[in-house]
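This briefing goes with the sequence and the model shown below. It is arranged by topic and is meant to be read beside the structure.

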Amino acid sequence: MSDDVLGHFVKFSNQTSGQDKICRVLQYSSQLVWWYLERRGFSTDYIEQLKQLQSSLSLARKYFSLGKSVEHMRGAAVAIHINDPILRYSITLSRISSALQFLCDNVYLFSRLGLIKLDQGNLVSISSKLWLYADLLNIIRVCYEIRHEIIEQIDRQESNLKHSQHSFYSTCRCVMARRPDLMMDLVKNVSDVWLPVHASGLTKLSPGAVGLFGTVSSVIGAATIWQKSGKL
């Protein structure tokens, strides 16, 4: 491992967001693994260890969420000044939903620690619905941005007389090549939205499906933080 990569990893892991993403990847990948091993008839002791690891990582991430509600409310205060109304409302409301979700997670953690006595199941249900609202708003936002990029690409192609004939497929490929971050964001949010849908009881997914969707969204989220940490 080169010094640059090692230094990048140290910088990444020293961030609370980086630590949370590492735990999230491990949390959902361990769920995917124990589901697979359970179907293959592996030792129940080993499977129980993986389930305990998943549960411990989930609780650890509750600690990382302390103070995140303030961060997201600050983000909402900034987003409310965006000129584009679709982006303004989608980002602002998403940030507010996430802030309330993390606030519920904090209260849930205090309840788990015995500091307060509340209905933990009700807190999880409220948190899941707020998580779902935030994910849906994020999907609306990224789809709107992709649509804007496609329109701009079509305008550029039409202004070039030599290359005026382009299919919609080729246009989308150009957008994907120019803005891979938007495509990855869409995949992340579409994968992630199934987690609160399952947690809130709107549909029932297998542990393997939850683990797969969670792992995909977590890896993309971790990759995004990794890229940002390299620019700090």
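This is a predicted model: local features need pLDDT of at least 70, side-chain atom pairs count only at pLDDT 80 or more; totals for chains, interfaces and linings use all residues.

**Overall fold**
- The protein chain has nine helices and zero strands, and its pattern along the sequence reads α-α-α-α-α-α-α-α-α.
- Buried residues make up 38% of the 232 residues of the protein chain.
- The protein chain has an accessible surface of about 13,800 Å², and carbon and sulfur atoms contribute 62% of that surface.
- Among contacts in the protein chain with a separation of 6 or more, 68% are between residues 24 or more positions apart.

**The aromatic pair**
- The count of aromatic pairs comes to one.
- Trp194 and Phe213 form a stacked pair, because their ring centres are 6.0 Å apart and their planes meet at 20 degrees, which falls under the 30 degrees set for stacking.
- Trp194 belongs to helix α8 (residues 180-199) and Phe213 to helix α9 (residues 207-229), so the pair ties together parts that are 19 residues apart in sequence.
- Trp194 is partly exposed, at 35% relative accessibility.
- Phe213 is likewise partly exposed, with a relative accessible area of 25%.

**Charges over rings**
- Lys51 is placed over the face of Trp34, and the distance to the ring centre is 4.5 Å.
- Arg88 has its charged end over the ring of Tyr89, at 4.9 Å from the centre of that ring.

**Cysteines**
- Zero disulfides are found in a search of the whole structure.
- A disulfide is a covalent bond between the sulfur atoms of two cysteines.
- For Cys174, the closest cysteine sulfur is that of Cys172, at 9.2 Å, so the two sulfurs are too far apart for a bond; the cut-off for a disulfide is 2.5 Å.
- Cys23 is buried, and its relative accessible area is 13%.

**Ser17 and Trp226**
- Ser17 sits in helix α2, made up of residues 16-39.
- The relative accessible area of Ser17 is 25%, so this residue counts as partly exposed.
- Between Ser17 and Trp226 there are 209 residues of separation in sequence, while their C-alpha atoms are 9.9 Å apart in space.

- Phe168 is in helix α7, which spans residues 168-178.
- Is Phe168 buried or exposed? Phe168 counts as exposed, because its relative accessibility is 54% and the limit for that class is over 50%.
- Phe168 and Ile150 are 18 residues apart in sequence, and their C-alpha atoms are 8.9 Å apart.

Definitions and conventions: Residues are numbered from 1 along each chain as its sequence is written. Side-chain values use heavy atoms; hydrogens and water are left out. Rings of Phe, Tyr and Trp (its six-membered ring) pair if their centres lie within 6.5 Å; planes under 30 degrees apart count as stacked, over 60 as edge-to-face and the rest as tilted. Helices (H or I, at least four residues) and strands (E, at least two) are DSSP runs, numbered from the N terminus. Buried means under 20% relative accessible area, exposed over 50%, partly exposed in between (1.4 Å probe, protein chains only). A charge sits over a ring if NZ of Lys or CZ of Arg is within 6 Å of the ring centre and within 35 degrees of the ring normal. Contact means heavy atoms within 4.5 Å. Accessible areas come from the Shrake-Rupley method with a 1.4 Å probe; for residues, only the protein chains shown count as cover.
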